[in-house]
Amino acid sequence: MFATSSYSRILASRVLVPRVVGLRMFSGVNCEPAERFRTALMSYRDANYSREIPSRFKKEVLRPYVGENGALQIEDINAMLKNIGHEEDCLSEKEQTEFLAAAGSTNRSIEASKMMELME
C-alpha cells in the first residue's frame with residue numbers, strides 16, 4: 001500500500017504539476033485561447049511526436065517561427081496551427097489580443113521561452 005501511494009504522489013508531481021505551472025506562468029486567470037493552442041499542440045504531439053522527448057518536440061515545432069530576436073509574431077501562431085492541421089483552432093483577432101495580454105506582451109510578439117513554457 002505504501003509503495004502505491006508513494007508512486008501515485010511521484011507520478012502526480014511529474015505529470016500534473018508542469019501543466020499547471022505552464023498555465024499559471026502564462027496567465028493568472030484562465031486564458032482560453034492559450035489553453036486551446038496548447039491542447040492543439042499536445043494533440044499533434046501525441047499523434048506525431050509520441051516517441052520524442054517533450055523538449056525536442058517544442059524546439060522542432062517552434063524553430064521555423066522564431067525570429068532573430070528570439071520571439072514569435074502572434075500571426076505565426078495561426079500559421080503554425082494551419083501547418084499542423086488544426087485550422088479550426090486558429091485564433092481570431094480578439095483571441096490574439098487576449099493571448100498577448102496573458103503573455104504580458106507589449107508588442108505583437110511572444111518570447112520563444114514563454115511559448116515553450118506554455119507548451120508544458
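Mentor: Happy to. A residue is buried under 20% relative accessible area, exposed over 50%, and partly exposed in between. Keep in mind that this is a predicted model.

Trainee: Which residue forms a salt bridge with Glu60?

Mentor: Look within helix H3, four residues away, about one turn of the helix. The closest N and O atoms of the pair are 2.9 Å apart, and the partner is Arg56.

Trainee: Staying in helix H3, is Lys58 buried or exposed?

Mentor: Lys58 sits in helix H3 and touches Met116, Met119 and Glu120, leaving aside residues up to four places away in sequence. Its relative accessibility is 10%, and buried means under 20%. Lys58 therefore counts as buried.

Trainee: Moving to helix H2, how far apart in the helix are Glu32 and Arg36?

Mentor: Their side chains meet in a salt bridge at 3.4 Å, N to O. Glu32 is partly exposed at 40%, while Arg36 is buried at 18%. Because they are four residues apart in helix H2, their separation is about one helical turn.

Trainee: Which residues are linked with Glu32 and Arg36 in a network of salt bridges?

Mentor: The count for the model comes to seven salt bridges. In the network, Glu32 and Arg36 are joined by Asp89 and Glu95.

Trainee: And how many residues apart are Arg108 and Glu93?

Mentor: The side chains of Arg108 and Glu93 meet in a salt bridge at 3.4 Å, N to O. This pair links distant parts of the chain, with Arg108 in the loop between H5 and E2 and Glu93 in helix H5; the separation is 15 residues. As for accessibility, Arg108 is partly exposed at 30%, and Glu93 is partly exposed at 49%. So the separation you asked for is 15 residues.

Trainee: Last one: within what arc do the buried residues of H4 fall?

Mentor: In helix H4, residues 74-83, the buried ones are Ile74, Ile77, Asn78, Met80 and Leu81. Seen down the axis, they line one face of the helix, because they fall within an arc of 160°.

Notes. Residues are numbered from 1 along each chain as its sequence is written. This is a predicted model: local features need pLDDT of at least 70, side-chain atom pairs count only at pLDDT 80 or more; totals for chains, interfaces and linings use all residues. Side-chain values use heavy atoms; hydrogens and water are left out. Buried means under 20% relative accessible area, exposed over 50%, partly exposed in between (1.4 Å probe, protein chains only). Helices (H or I, at least four residues) and strands (E, at least two) are DSSP runs, numbered from the N terminus. The arc is that of the directions from the helix axis to the C-beta atoms. Contact means heavy atoms within 4.5 Å. A salt bridge is a side-chain nitrogen of Lys or Arg within 4 Å of a carboxyl oxygen of Asp or Glu.
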